[in-house]
Amino acid sequence: MACMHDHSCEDHDCSSNWSLYKHIDLSKVSALNEAVPGSVKSVFKAWEHRLNSSEGYLESNDGDPELLVFIPFTSDVKIKSISIVGGADGSSPSKMRAFINREGIDFSDAQSMQAVQEWDLAENTQGMLEYQTRYSKFQSVGNITLHFPDNFGGDTSQIHYIGFKGEATQLKRDVVATIVYELMPNPSDHK
């Protein structure tokens, strides 16, 4: 279920207007098993810069290709597709699993929980593949956790780009602090 970009992106919905990059809360993005702490933030960039890895990339610890990436959004989004640009020489992730609106997932949770959707990935070093989501399941996404359990045989997994295509709803999830319900009005409260 991957879409090859054999068309002009300007005529389709591949343009930056459909990129959810500007809706990612980069300050709260995190990854488990990253070799360089904080390097996960470098894989989120504008579509036209997806092949520029001079700013860094995400790599797993040596001998353990598994990665878990938590991505919160600044507003609820609808995700149509996900694009992953992996490393060369077998270091590209071979499988991706998605969990929606679940915070604090660790590796044992990711292995035991049912993912919203799973994809078998191709080695994609040029960024021309997109993996379509089951769109009805990817509505009102406040955050997404991507689990990359394995790669194509490398000692580490490398990710150079993660991109989301869709639309933002402009609704922000806020935690409600206190709600007070009155069964009967207290006249002293209402002057």
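Ile100 sits across from Ile144, a residue of strand β8. Keep in mind that this is a predicted model.

**Strand β5 and its partners**
- On the β8 side (residues 141–148), the pairing is antiparallel and is made up of 4 bridges.
- β5 also pairs with β6 (residues 117–120), again through 4 bridges and in antiparallel fashion.

**Cavities**
- There are 2 cavities of 30 Å³ or more.
- The second largest cavity comes out at about 40 Å³.
- Its lining draws on several stretches of the chain: Ser19, Leu20, Tyr21 and Ile24, then Phe44 and Lys45, and finally Tyr161, Ile162, Gly163 and Phe164.
- By residue class, the lining of the second largest cavity splits into 7 nonpolar, 2 polar and 1 charged.

**Ala46**
- You'll find Ala46 in the loop that runs between β2 (30–32) and β3 (58–59).
- Ala46 has a relative accessibility of 17%, which is under the 20% cut-off, so it counts as buried.
- Beyond its neighbours within four places in sequence, Ala46 is in contact with Tyr21 and Tyr161; Tyr21 and Tyr161 are also among the residues lining the second largest cavity.
- Ser19, another of those lining residues, is 27 residues away from Ala46 along the chain, with 7.6 Å between their C-alpha atoms.

How values were computed
Residues are numbered from 1 along each chain as its sequence is written. This is a predicted model: local features need pLDDT of at least 70, side-chain atom pairs count only at pLDDT 80 or more; totals for chains, interfaces and linings use all residues. Side-chain values use heavy atoms; hydrogens and water are left out. Two strands pair if DSSP finds at least two bridges between them. Helices (H or I, at least four residues) and strands (E, at least two) are DSSP runs, numbered from the N terminus. On a 1 Å grid over the protein atoms alone, a cavity is a set of points where a 1.4 Å probe fits but cannot get out, and a pocket is an open set with protein on both sides within 12 Å along at least five of seven lines; lining residues have an atom within 4 Å of a point. Grid points are joined across faces, edges and corners, and a volume is the space filled by probe spheres set on the points. Ala, Val, Leu, Ile, Met, Phe, Trp, Tyr, Cys and Pro count as nonpolar, Asp, Glu, Lys and Arg as charged, and the others, Gly among them, as polar. Buried means under 20% relative accessible area, exposed over 50%, partly exposed in between (1.4 Å probe, protein chains only). Contact means heavy atoms within 4.5 Å.
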